[in-house]
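Hello,

Here is the structure we talked about passing on. My notes follow below it.

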Amino acid sequence: MKKLTLIAAVAIMTFLFSGCMQMHMDSTIEKDGSGSMSMTMSLSKVLTESLDDLKSMDMGEDMGGVDMMMDMDKDELQKQVKEYGVKVKTFEKSLVEGRQTVNVVMEFKDLEGLSYAMHALTQDDGGGLGFTDNGDGTFTLEPHEYVWPAVVEEAEEEEEEMAMPDMDPEAMGKQMEVMGKLMSSISELDISMKITVPGDIVESNAPKVEGRTSIWTINGSNMMTAGGDMEPHITFQGKGLKLKATK
């Protein structure tokens with residue numbers, strides 16, 4: 001893994017939570033644990049230009065895989081997720097006035113499949129979602145750790161500690177300029193995640209619940225406080241369902 005300067009790490013965080021990104025994700029889980037997921041991600045012209053700038057400064061390789069998603073196509077994604085029981089129904093990309101948009105619709109046989117599909121799309125660290133059987137007739141949908149093959153290979157490589165900032169004034173000035181461009185578009189931030197579970201909800205950490213659907217949102221007004229609440233913890237009734245606890 002390449003070293004990151006401290007200021008580079010801040011720039012990456014700014015990228016991930018800047019107002020240049022719009023992402024809507026909607027997952028529905030059926031009684032047997034299968035389901036569907038749709039996601040629309042849209043990157044503004046400012047963001048794509050800033051990403052190119054970060055790459056030119058050797059700062060763009062740890063950007064959460066967002067740019068990789070923009071370069072991916074349906075066949076490539078289907079090849080990666082097929083063995084996990086995931087079917088890619090839709091994978092469409094568009095470019096309008098500099099804004100890049102990707103629409104993805106997938107069907108999955110279980111939460112492991114959904115979790116791997118998100119890993120394939122975003123190159124995240126191997127986390128995902130799973131079911132816990134609470135033993136009282138309820139299940140909880142919550143974060144679950146998976147170990148994907150690519151993650152194992154990466155773990156075997158020598159990891160390097162984050163370096164202290166490069167104090168070169170010119171480089172730091174360019175990094176701060178990119179960060180400023182991203183933050184100037186903060187009002188555009190629009191991220192939402194919806195998860196519909198197959199049983200009546202007993203408890204959910206989502207700020208908003210509609211029926212069996214839990215809803216999380218991040219925008220310019222709550223971006224500094226909402227990020228930590230985006231990990232779902234939903235307890236719901238399991239009567240009549242054919243679910244199994246995730247191993």
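Please keep in mind that this is a predicted model.

Salt bridges

I started with Lys208. Its relative accessibility is 45%, so Lys208 counts as partly exposed. Its salt-bridge partner is Glu210, with N and O 3.2 Å apart. Glu210 is also partly exposed, at 44% relative accessibility.

That pair is one of two salt bridges in the structure. The other joins Asp200 and Arg212. Their closest N and O atoms are 2.9 Å apart. Asp200 sits in the loop between strand S7 (190–196) and strand S8 (201–204), and Arg212 sits in the loop between strand S9 (208–210) and strand S10 (213–219), so this bridge ties together parts that are 12 residues apart in sequence. Asp200 is partly exposed, with 46% relative accessibility. Arg212 is partly exposed too, at 36%.

Helix H5

Next, helix H5, residues 111–122. At 1.5 Å a residue, its 12 residues should span 16 Å. The end C-alpha atoms are 16 Å apart, which agrees.

Is H5 enclosed or exposed? Of its 12 residues, 11 are buried, so the rest of the structure largely encloses the helix. Among the buried residues are Leu111, Tyr116, Met118, His119 and Thr122.

The N-terminal end of H5 is capped by Asp110. One of the side-chain oxygens of Asp110 lies 3.3 Å from the backbone nitrogen of Glu112.

Best wishes

Notes
Residues are numbered from 1 along each chain as its sequence is written. This is a predicted model: local features need pLDDT of at least 70, side-chain atom pairs count only at pLDDT 80 or more; totals for chains, interfaces and linings use all residues. Side-chain values use heavy atoms; hydrogens and water are left out. A salt bridge is a side-chain nitrogen of Lys or Arg within 4 Å of a carboxyl oxygen of Asp or Glu. Helices (H or I, at least four residues) and strands (E, at least two) are DSSP runs, numbered from the N terminus. Buried means under 20% relative accessible area, exposed over 50%, partly exposed in between (1.4 Å probe, protein chains only). The expected span of a helix is 1.5 Å times one less than its number of residues. A polar contact is a pair of N or O atoms within 3.5 Å; within protein, one must be able to donate a hydrogen and the other to accept it, and residues adjacent in sequence count only if both atoms are side-chain atoms.
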